[in-house]
Amino acid sequence: MLAIRLRRVGSKKRPYFRVVVIEASNPRDGSFVEILGHYNPKSKPAKVDVDRDRLQYWIGKGARPSDTVRTLVARHLTAPAAQTPLTP
């Protein structure tokens, strides 16, 4: 089963994450299928850059977003007028 989750790529004490599609059984920093975007929690405000079209594509294919990714997308990428759920 595929999952959409964060992969840490930042150095020590400087977290930076990629939003990736990955096999659910792989470790956090294991091999991935596709990079969907980036998340920088240290910037003020936190910067989230995710390709929405590819996100919806993978959700349509059965990939399940992690709780963290679901929260990030809901808080940072969803416009107030056009909120759509991330479930297929």
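**Strand pairing and salt bridges**

Strands S1 and S2 (residues 17–23) run antiparallel and are joined by seven bridges. The model is predicted. Across this pairing, Leu2 sits opposite Glu23 of S2.

S1 spans residues 2–8. Five of its seven residues are buried, leaving the strand mostly covered. S1 also pairs with strand S5 (residues 64–65), here in the parallel sense, over two bridges. In that pairing Ile4 stands opposite Pro65 of S5.

Now the charged side chains. The structure contains three salt bridges.

One joins Arg54 and Glu34, with N and O 2.9 Å apart. This pair links distant parts of the chain: Arg54 belongs to helix H1 (residues 52–60), Glu34 to strand S3 (residues 34–40), and 20 residues separate them. Glu34 has 18% relative accessibility, so it counts as buried, the cut-off being under 20%. Arg54 counts as partly exposed because its relative accessibility is 28%.

Another salt bridge pairs Asp67 with Arg70, again listed at 2.9 Å from N to O. Both residues lie in helix H2 (residues 67–77), three residues apart, so about one helical turn separates them. Asp67 is exposed, at 54% relative accessibility. Arg70 is partly exposed, with a relative accessible area of 36%.

Asp29 and Arg28 also form a salt bridge, their closest N and O atoms lying 3.0 Å apart. Asp29 counts as partly exposed at 36% relative accessibility. Arg28 counts as partly exposed too, at 47%.

Note on methods. Residues are numbered from 1 along each chain as its sequence is written. This is a predicted model: local features need pLDDT of at least 70, side-chain atom pairs count only at pLDDT 80 or more; totals for chains, interfaces and linings use all residues. Side-chain values use heavy atoms; hydrogens and water are left out. Buried means under 20% relative accessible area, exposed over 50%, partly exposed in between (1.4 Å probe, protein chains only). Helices (H or I, at least four residues) and strands (E, at least two) are DSSP runs, numbered from the N terminus. Two strands pair if DSSP finds at least two bridges between them. A salt bridge is a side-chain nitrogen of Lys or Arg within 4 Å of a carboxyl oxygen of Asp or Glu.
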